[in-house]
Amino acid sequence: MGRFHRHDDGTWHSHEHDESGHMHEHGEPGHGRSHDHQHSHDHEASPASQEIIGDHSGYQTGRERIEILEDIYAENDRLAAANRASLDAAGVTAVNLMSSPGSGKTALLARTLEALRDQVRVGIVEGDIETPLDAERLGGFGAQISLLNTGNGFGGECHLDAPMVANALGGLDLAALDLVVIENVGNLVCPAEFDVGEHRKAMVYSITEGEDKPLKYPVMFRSVAAVVVNKIDLAPYLDFDRELFMNNLHQVNPNAEVFELSAKTGDGVDAWVSWLLEGCALLEPGVETGVAAE
């Protein structure tokens, strides 16, 4: 048996796990069954360190599952490359915007669209498990919006993948756009593992989430070029340790650009908007965008 693992750079491998020497005895009252098989592991870690690290024994996969996952990722990456080629042909830059639920992605996008109105032609791929609520919230800013609900998946897919985004891009007139922002499903795990054809990845982090999130969800924080630290207007009311968060973030991703802002008040949004425009080669670095706060 083996364990399947995909790295941040898209490579994968399996860890071999020999279960031929397990021994368990279940004879306690109420167990209902008994079986014996020898149990042997050659692990150097002490019981205490194993307890701290956590028990991953439930995540054992066989070779067949590894092959299936390899095929899924390979097909996804092929379609992601096709998405990127379509965007490149139209001269469009795409940003994959990720976060946990409730961090303020949609509020930030509304503020962003307001700032870019009449300056840049923007399309939004709005990803949610159910409802058009966020897509409707982004209406009225002059952007093209393509709604992408994932509810037809098993309980609702927790991320967007390249085939989903390919369908959503079909709902946009790419020839009439400069920038596409893909608002991914709220989740700090799966979205970071799937290339959807974007040129840049960014994420929104709310200071209400705690300083430890970069350490708990390193794949997400490591995968992005920019981290938007949102809801700074709440700092006076929280015990948020900014220095600790920054240290944790830089430990995981020392190269991430950080934008501290409030999507609610508009404070700090202009730097984020400048980053988006620089990625589209529509603004020289250091030029002000004139985004106004309330």
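Let's start with helix α3, which lies across β3, β4, β6, β7 and β8 and runs at about 165° to β6. "Lies across" here rests on contact, meaning heavy atoms within 4.5 Å. For the angles, axes are lines fitted to C-alpha atoms, for helices over the stretch in contact, and values run from 0 to 180 degrees between N-to-C directions. Helices (H or I, at least four residues) and strands (E, at least two) are DSSP runs, numbered from the N terminus.

A quick word on the source. This is a predicted model, in which local features need pLDDT of at least 70 and side-chain atom pairs count only at pLDDT 80 or more, while totals for chains, interfaces and linings use all residues. Residues are numbered from 1 along each chain as its sequence is written, and side-chain values use heavy atoms, with hydrogens and water left out.

Now, the sheet. In what order do the seven strands of the open sheet run? The order is β5-β4-β6-β3-β7-β8-β9, with parallel pairing; two strands pair if DSSP finds at least two bridges between them. β5 (144-149) and β9 (257-260) are at the edges with a single partner strand each, so one side of each has no neighbour in the sheet. From one strand to the next, the twist averages 20°. Helix α8 (residues 242-252) lies across β7, β8 and β9, at about 155° to β9.

Let me zoom in on β3, residues 93-99. β3 pairs in the parallel sense with β6 (residues 179-183) over five bridges, and asparagine 96 has isoleucine 182 as its bridge partner there. Another five bridges join β3 to β7 (residues 200-206), also running parallel. On that β7 side, serine 99 is partnered by valine 204, and leucine 97 stands opposite alanine 202.

Is β3 buried or exposed? Seven of its seven residues are buried, so β3 is largely enclosed by the rest of the structure. Buried means under 20% relative accessible area, exposed over 50%, and partly exposed in between, with a 1.4 Å probe and protein chains only. In a regular strand, side chains alternate between the two faces of the sheet. In β3 both faces are covered, with Thr93, Val95, Leu97 and Ser99 on one side and Ala94, Asn96 and Met98 on the other.

Back to α3 (residues 105-116), this time with α9 (residues 269-279). The two pack at an angle of about 70°, with axes 10 Å apart. They are therefore roughly perpendicular, a label for 65 to 115 degrees; under 35 is roughly parallel, over 145 roughly antiparallel and the rest oblique. From α3, Leu108, Arg111, Thr112, Ala115 and Leu116 meet Val269, Trp272, Val273, Leu276 and Leu277 of α9.

That brings us to the largest nonpolar core, which has 29 residues; Leu179, Trp272 and Trp275 have the most contacts inside it. Such a core is a set of buried Ala, Val, Leu, Ile, Met, Phe, Trp, Tyr and Cys residues joined through side-chain atoms within 4.5 Å. Among the elements giving two or more residues to this core are β3, α3 and α9. Tryptophan 275 touches residues including Val95, Ala202 and Phe259.

Last, two loop residues to look at. Aspartate 118, between α3 and β4, has a phi near 70°, positive without being glycine, and is exposed at 78% relative accessible area. Threonine 131, between β4 and α4 (133-137), has a positive phi of about 75° and is partly exposed at 35%.

Conventions. Lists of a residue's contacts leave out its neighbours within four places in sequence.
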